[in-house]
Amino acid sequence: MTPMLILNHQRNALVILEENSRMVAQEKYIEYYKRKEGTLKLDKDMVSSFETTLSALALGHQIEQPGMAHIDMLKDSEVTDKNIKYVADYDALLPFSVFGLNSIEQQVVSSRRAWIGADGNRWMEDNGNTGIKDDITVYVSTKESDVYHTTMDCTYITHEIHKASGEEMKTLRTKFGGRFSPCASCRPNTRMSVVYYTSGARSYHSTPTCKTLSSYIQPFKKSEAEAMGKHGCVRCG
């Protein structure tokens, strides 16, 4: 039951982080236009630092559940005028000691763009037909549910499997800047001489054939992807 409880904690925490990220992203969009119009005079670096600290502390209390300890939301979380990233590091407590371990380090990450940088009311240009012209085919990875890509060659959807030692995984970082966590399915550990990971994932694995390493890319029209709540990739979108 312990792995299921740990996964449940991760899912519940991610729902809270994603909801808050979406809300802050909308606020940042409004803030951008207010700053552009000159109606907002506060220094954006000061505002971002205050928002990061305040929201991270509040979220740390919101995601806390029985079985979670030492929740740290301040180390890697960041709210800027263009990006929102919440990283929750915590210990998942074990019901009994396993090989001297009383807990397992876990991490939950929510990351999204704060604003898309496009002009407001752009849908009214060309008598409302601009969307037809721009309705290109984009690509969505089932591993990256919030992002669409304009090209299959984007390195952010490259799923090349990399190798490293378990010890090296302690210092390696994901493309979002967070730490890798052991896969709940194949259960690797830092004592293993070789583990496997991909640049676009958040977990590492004990075997390259782990079913959770597989990923699928699906084509959609841009309008369909946006209607599903996707946003453009920061690299190719």
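This is a predicted model: local features need pLDDT of at least 70, side-chain atom pairs count only at pLDDT 80 or more; totals for chains, interfaces and linings use all residues.

Visitor: Which residue in β3 is the bridge partner of Ala 69?

Guide: The bridge partner of Ala 69 in β3 is Asp 91. Residues are numbered from 1 along each chain as its sequence is written, and side-chain values use heavy atoms, with hydrogens and water left out.

Visitor: What makes β1 and β3 a pair?

Guide: Strands are DSSP runs of E with at least two residues, helices are runs of H or I with at least four, and both are numbered from the N terminus. Two strands pair if DSSP finds at least two bridges between them. Strand β1 (residues 68–72) and strand β3 (residues 83–98) are joined by three bridges in the antiparallel sense, so they pair under that rule.

Visitor: How many bridges join β2 to β3?

Guide: Strand β2 (residues 78–79) is joined to β3 by two bridges, and the two strands run antiparallel. Val 79 has Ile 84 as its bridge partner in β3. These strands form a hairpin with three residues between them.

Visitor: What is known of the pairing of β3 with β4?

Guide: Strand β4 (residues 101–113) pairs with β3 in the antiparallel sense over 12 bridges. Ala 92 stands opposite Ile 104 in β4. A hairpin with two residues between the strands is formed here, and Phe 99 in its turn has a positive phi of about 55 degrees.

Visitor: Why is Phe 99 called exposed?

Guide: Exposed means over 50% relative accessible area, buried means under 20%, and partly exposed lies in between (1.4 Å probe, protein chains only). Phe 99 has a relative accessible area of 77%, and is therefore exposed. Together with Phe 96 and Val 98, Phe 99 makes a nonpolar surface patch of about 380 Å². In such a patch, residues have over 30% relative accessible area and no salt bridge, and nonpolar side chains (Val, Leu, Ile, Met, Phe, Trp, Tyr) are joined within 5 Å, whereas like charges are joined within 9 Å. The areas come from the Shrake-Rupley method with a 1.4 Å probe, and for residues only the protein chains shown count as cover.

Visitor: Which residues have the most contacts inside the largest nonpolar core?

Guide: They are Leu 17, Ile 63, Met 73, Ile 84 and Tyr 86, in a core of 17 residues. Helices α1 (2–37) and α2 (44–62) and strand β3 each supply at least two residues of this core. A nonpolar core is a set of buried Ala, Val, Leu, Ile, Met, Phe, Trp, Tyr and Cys residues joined through side-chain atoms within 4.5 Å.

Visitor: Is Asp 89 buried or exposed?

Guide: With a relative accessible area of 5%, Asp 89 is buried. Asp 89, Glu 105 and Arg 179 are linked in a network of salt bridges.

Methods. A salt bridge is a side-chain nitrogen of Lys or Arg within 4 Å of a carboxyl oxygen of Asp or Glu.
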